[in-house]
Amino acid sequence: VIWLCSPGNPTGTALRQADVRRVLGSGFGGVVVVDEAYVDFAREEHGGSCAALVAAHPALLVMQTLSKSFGLAGIRLGVGIGGRELVSYLNRAKAPYNVSTLALDVAETALSDDGIRRMRRVAGCLRAQRDDYLIPELLRLPRVAAVLGGNDANFVLCRLADADGRASNDVARHVYTEMALHRGLVVRFRGTDYGCDGCLRITVGTPAENRQVVATMRSVLSAMP
């Protein structure tokens, strides 16, 4: 199995469909899975879902979820989009009655015309907050050296630096710990992930929540020697 995440976590980088097609045409003999948990937050110019490629590629499985843009992580429900033969194999392997009637009822409402419109409206607001407020404001903070990745998800990955401008896990851990223990805000420390030295992952929230996280990070960072 080749597993592709688009957009990925924690960088939020969406893959171009041309690159996915290149993998599909590489001669690989197994299944190619594209995990699109965050696809509804991607910029249109970065490409959308790969679901349309399924018809021409029987070994492709595209996975999506109601946990992110629909805000329904509690029902633990997603969808796999694939060719008839591949899906038939998956149906044989899955546990019986693995989706509850209650979860299906909630999903039916979420996937109605009104539900889809609401999801798109919310995702659009989060994209605007990410691009027009959170990223620019984070880059204005002391010790924030860069915002990494493609920024096509509902979070932003920023790199913190020491006084000499070097990526610093110590600085990132200090900010994470101070905010979580004393400021009532939780961000994600990702400094141990590959290529993410000194990084915090910050979820995009409401305008008020985004202002609060920026103000709190400014307070914590400005107090550092």
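Trainee: What is the hand of the crossing of helix 5 and helix 6?

Mentor: The crossing of helix 5 and helix 6 is right-handed. A crossing is given this name if the near helix is turned clockwise from the far one by less than a right angle, and is left-handed if the turn is anticlockwise. Helices here are DSSP runs of H or I with at least four residues, strands are runs of E with at least two, and both are numbered from the N terminus. This is a predicted model, in which local features need pLDDT of at least 70 and side-chain atom pairs count only at pLDDT 80 or more, while totals for chains, interfaces and linings use all residues. Residues are numbered from 1 along each chain as its sequence is written, and side-chain values use heavy atoms, with hydrogens and water left out.

Trainee: At what angle do helix 5 and helix 6 pack, and what is this arrangement called?

Mentor: Helix 5 (residues 169-183) packs with helix 6 (residues 207-222) at an angle of about 120°, and their axes are 10 Å apart. Helix 5 is therefore oblique to helix 6. Axes are lines fitted to C-alpha atoms, for helices over the stretch in contact, and angles run from 0 to 180 degrees between N-to-C directions. Angles under 35 degrees count as roughly parallel, over 145 as roughly antiparallel, 65 to 115 as roughly perpendicular, and the rest as oblique.

Trainee: Which residues of helix 5 and helix 6 meet?

Mentor: Val171, His174, Val175, Glu178, Met179 and Arg183 in helix 5 meet Val213, Thr216, Met217, Ser219, Val220 and Leu221 in helix 6. Contact means heavy atoms within 4.5 Å. The residues of this contact of helix 5 with helix 6 divide into seven nonpolar, three polar and two charged. In this division, Ala, Val, Leu, Ile, Met, Phe, Trp, Tyr, Cys and Pro count as nonpolar, Asp, Glu, Lys and Arg as charged, and the others, Gly among them, as polar.

Trainee: At what angle do helix 4 and helix 6 pack, and what does that make helix 4?

Mentor: Helix 4 (residues 113-139) and helix 6 pack at about 10°, with their axes 10 Å apart. This angle makes helix 4 roughly parallel to helix 6. Helix 4 contributes Gln129, Tyr133, Leu134, Glu137 and Leu138 to the contact, and helix 6 contributes Pro207, Asn210, Arg211, Val213, Val214, Met217 and Arg218. Seven nonpolar, two polar and three charged residues make up the contact of helix 4 with helix 6.

Trainee: Which residues of helix 3 are buried, and where do they lie around the axis?

Mentor: Ala103, Ala107 and Ala110 are buried in helix 3. They cover an arc of only 55° around the axis, which puts them on the same side of helix 3. The arc is that of the directions from the helix axis to the C-beta atoms. Buried means under 20% relative accessible area, exposed over 50%, and partly exposed in between (1.4 Å probe, protein chains only). An α-helix has 3.6 residues a turn, so residues three or four places apart point the same way. Thr101, Leu102, Glu108 and Thr109 are exposed on the other side of helix 3. The buried residues of helix 3 pack against helix 4.

Trainee: Why is asparagine 151 called buried?

Mentor: Asparagine 151 has a relative accessible area of 9%, and therefore counts as buried. Asparagine 151 lies in the loop between strand 5 (144-148) and strand 6 (155-160). Leaving aside neighbours within four places in sequence, its contacts include Thr11, Arg43 and Asp131.

Trainee: Is leucine 77 buried or exposed, and what makes it so?

Mentor: Leucine 77 has a relative accessible area of 12% and is therefore buried. Leucine 77 is placed in the loop between strand 3 and strand 4. Not counting residues up to four places away in sequence, leucine 77 touches Thr65, Leu66, Val99, Ala103 and Ala107.

Trainee: What is the phi of arginine 76, and what is that of tyrosine 97?

Mentor: Arginine 76 has a positive phi of about 50° although it is not a glycine, and tyrosine 97 has a positive phi of about 55°, again without being a glycine. Most residues other than glycine have a negative phi, and most peptide bonds are trans. Arginine 76 is exposed because its relative accessible area is 67%, and tyrosine 97 counts as exposed at 81% relative accessibility.

Trainee: Which peptide bond is cis, with omega near -5°?

Mentor: The bond from serine 6 to proline 7 is cis, with that omega. The peptide bond from asparagine 9 to proline 10 is also cis, with omega near 20°.
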